[in-house]
Amino acid sequence: MIGRREGPLMRSNSSQSLLKSRIAIAIVIGVLIGCVFAFLFPNGFFVSNTIRNSNYNLAGSKTQTNSVACESSDRINMLKSQFVAESEKNAELKKQVRELTERLRLAEQGKDQAQKQFLALGKQPKAGPFGTVKGLRTNPTVIPDESVNPRLSKILEKVAVRKELIVALANSNVKDMLEVWFTNIKRVGISNYLVVALDEEITKLCESNQVPVYKRDPDEGIDSTGRTGGNHVVSGLKFRILREFLQLGYSVLLSDVDIVYLQNPFDYLIRDSDVESMSDGHDNMTAYGFNHVFDEPAMGWARYAHTMRIWVYNSGFFYIRPTIPAIELLDRVATRLSNDPNSWDQAVFNEELFYPSHPGYDGLHAARRTMDYYLFMNSKVLFKTVRNDPSLSKIKPVIIHVNYHPDKLPRMKAVVEYYINGKQDALKPFPNGSDW
Ligand SMILES: *[C@@H]1O[C@H](CO)[C@@H](O)[C@H](O)[C@H]1NC(C)=O
Ligand SMILES: *[C@@H]1O[C@H](CO)[C@@H](O)[C@H](O)[C@H]1NC(C)=O
């Protein structure tokens, strides 16, 4: 094969010179094309767009690169002089940085703390299969701290049953209702209850009736209001006193005295939440919550806005467990009541329980449970609904709270007549609401 190829190349001189001139022509054409391209693309073929763009980005056009460099050095000089001018502020800045760093560190610590608390509660879980997962609502109880109030601690050791008891605060303004209150508690056979006496008259009344009583130490600052104060002042005091019960490790069924006990409430509690409360609601929707649709026709297509509603919890009858969220609730309510003497304790109690966290506000994260409103019945349910309904009036409630009516004592006595003594028309003389 090689020999055959060499053959034609050597064939003649004339074909050799023709080949040479062809090569020369090709070289000339190549040089010419090179010149044309050098003219059209002075930057060469492979200058990428990004590089060109970066030139434009720097200074708007390629030709300004030099002036940009000048500007940059001007700015550096300017910044340098600014830096010198602000050197006095340096110490202050450094301090701020130190403070920020410290706050960051504390924030990190807080995160660790939460994680540690969480791990202390149990093993870090994997989410189970669909439909089997359940969030935490029964928070762990605090470690009892007797040193908070050794005298109260001794009383509670005697009075409480399974670390829980009914607690009522009373001064002599509510003496008559208190008598109906403890008479019915005794009748039902409840032994774990305690009256926190806010004056001497109540202490004596309880002692002469073998009612467990706890007289506050008169040196205690928070008590000075209790002796003379109206209902709302006593309400504020209530949250501070309650705190000690929880710190001592007891669950408290806080009770107003305008309540008639018909059964033992401890047989009907669920005990899975920080706060388990009776409701001011009068039916399933108002007591347990509902979706109220707010209508604004001017919005056309979007005229309906959905709202979450629930009638308030009654701060005169609730079961509270000795947990951190429960104690935080008491602290928050007591703080707000002392900051604003015109605030109403029940409104504050509910706002703290229900408002979510939002900008500038950290909401309480307490577990809540609404009690059955036929078993833990308010006087609106009794006088508007139950007494007029033959089947509902056969239900025996656990308690009746005469919270909706100002003529409390006669209605309490009528409730006793109706439910205890079987007088069928005992409730009839009373109007549904008050007559003003
Ligand atoms: C109210 O709720 C209870 C249980 O929560 C339910 O058994 C009852 O049927 C409800 N009543 C009405 C009228 O929806
Ligand atoms: C009380 O309320 C019931 C049910 O709402 C009603 O039927 C009754 O007429 C009311 N009684 C009075 C005296 O208004």
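## Arginine 387 and its surroundings

Visitor: Which residues does arginine 387 touch, not counting those up to four places away in sequence?

Guide: Arginine 387 touches Leu382, Ser393, Leu427, Lys428, Phe430, Pro431 and Asn432; contact means heavy atoms within 4.5 Å. This is a predicted model, where local features need pLDDT of at least 70 and side-chain atom pairs count only at pLDDT 80 or more, while totals for chains, interfaces and linings use all residues. Residues are numbered from 1 along each chain as its sequence is written, chains are lettered from A and ligands numbered from 1 in the order in which they are written, and side-chain values use heavy atoms, with hydrogens and water left out.

Visitor: Why does arginine 387 count as buried?

Guide: Buried means under 20% relative accessible area (exposed is over 50%, partly exposed in between; 1.4 Å probe, protein chains only). Arginine 387 has 19% relative accessibility, so it counts as buried.

Visitor: What makes the pairing of arginine 387 with phenylalanine 383 a polar contact?

Guide: A polar contact is a pair of N or O atoms within 3.5 Å; within protein, one must be able to donate a hydrogen and the other to accept it, and residues adjacent in sequence count only if both atoms are side-chain atoms. Here a polar side-chain atom of arginine 387 lies 2.8 Å from the backbone oxygen of phenylalanine 383.

Visitor: How do you know that the span of helix H12 is close to the one expected?

Guide: The expected span is 1.5 Å times one less than the number of residues. For the 16 residues of H12 (324-339) that gives 22 Å, and the helix reaches 22 Å from its first C-alpha to its last. Threonine 323 caps the N-terminal end of H12, with a side-chain oxygen 3.2 Å from the backbone nitrogen of alanine 326.

Visitor: What makes a set of residues a nonpolar core?

Guide: Its members are buried Ala, Val, Leu, Ile, Met, Phe, Trp, Tyr and Cys residues joined through side-chain atoms within 4.5 Å. The largest such core has 54 residues, and Tyr261 is one of those with the most contacts inside it. A second, separate core has 39 residues, including Val142 and Leu364.

Note on methods
Helix = DSSP H or I, 4+ residues; strand = E, 2+ residues; numbered from the N terminus.
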